[in-house]
Amino acid sequence: MLRIITLNLNGIRSAAKKGFLGWLARSRADVVCVQELKAQAADLAGELLAPAGFRGYFHHAEKKGYSGVGLYTRHEPAAVMPGMGIADIDSEGRYLRADFGNLSVISVYLPSGSSSEERQQVKFAFMERFLPHLGKLRSEGREIVLCGDWNIAHREIDLKNWRGNRKNSGFLPEERAWLTQVFDELGWVDVFRRVDRRGEQYTWWSNRGQAWAKNVGWRIDYHIATPGVAATAQRVAIYKDERFSDHAPLTIDYDYPN
């Protein structure tokens, strides 16, 4: 069984203080994709760089205390590739790929557009260029799992207050239609929804009000995979016993050789 986990840390050093590393040691994961490091290479040492049993790989943003993605793995990758080869995207540290045999695991962090109209336009520009990249990945003929915070809730079932968020970033019609293209036109699979069709399954909660206590959340963290490996998914779980950030870890077990 291959266990892959994704988690937006909202600051790796902050998450570590909240017990992230202890949970990681107990996770029995093969690969853990993390996003929003908010740290530079110089900030990562010791357990943050290589927790017990894992080796860490990272793609940092140029801006300090911002963005960044990483990948912890128990198995030595054949290759590790930071970035997409697009300068303005790569400067924000949003994409890290590791190849294991015929399987690639990618930690990805799409921009948020919630802070300003300017950032929403940055998000749309990312999406416009990411779609053909996803097409190229599909044409490689490999099995691929893209894990991360996509900052889009796809359907009404994927957030609590969908009626009130139809004009807000993360649930805009253009964003949802784009994600439908990813699934229906390019043939990627939303692995969680393949296994679990229930409502009120969320991975992020606002820090405002009592969103966490009342489970007023959004499902914006995904495993998005090629059909072959997606079909082997056996079990999904959102871990909420501890809180390391405003997101929860999403675990999926694949009946896939590791």
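Which residue in β7 is the bridge partner of Y95? In β7, that partner is V108, and the two residues belong to strands, β6 (residues 95-100) and β7 (residues 103-109), that pair in the antiparallel sense over 6 bridges. Strands, like helices, are DSSP runs numbered from the N terminus (E, at least two residues, for strands; H or I, at least four, for helices), and two strands pair if DSSP finds at least two bridges between them. The model is predicted, and local features need pLDDT of at least 70, side-chain atom pairs count only at pLDDT 80 or more, and totals for chains, interfaces and linings use all residues. Residues are numbered from 1 along each chain as its sequence is written, while side-chain values use heavy atoms, with hydrogens and water left out.

The pairing of β6 with β7 is part of an open sheet of 6 strands, which runs in the order β5-β6-β7-β8-β12-β9 with mixed pairing. Because β5 (79-82) and β9 (189-190) stand at the edges with a single partner strand each, one side of each is left without a neighbour in the sheet. Helix α5 (residues 173-185) packs on this sheet, touching β9 and β12 (221-225), where contact means heavy atoms within 4.5 Å. The direction of α5 makes about 30 degrees with that of β12 (axes are lines fitted to C-alpha atoms, for helices over the stretch in contact, and angles run from 0 to 180 degrees between N-to-C directions).

The aromatic rings come next. A search of the whole structure finds 16 aromatic pairs, that is, rings of Phe, Tyr and Trp (its six-membered ring) whose centres lie within 6.5 Å, with planes under 30 degrees apart counted as stacked, over 60 as edge-to-face and the rest as tilted. Y95 and F130 form an edge-to-face pair, 6.4 Å centre to centre and with 85 degrees between the planes. Since Y95 lies in strand β6 and F130 in helix α4 (residues 117-139), the pair ties together parts that are 35 residues apart in sequence. Y95 is buried at a relative accessible area of 3%, and F130 is buried at 0% (buried means under 20% relative accessible area, exposed over 50%, partly exposed in between, with a 1.4 Å probe and protein chains only).

Y239 and F244, by contrast, form a stacked pair, with 6.3 Å centre to centre and 15 degrees between the planes. Here Y239 is partly exposed at 21% relative accessibility, whereas F244 is buried at 1%.
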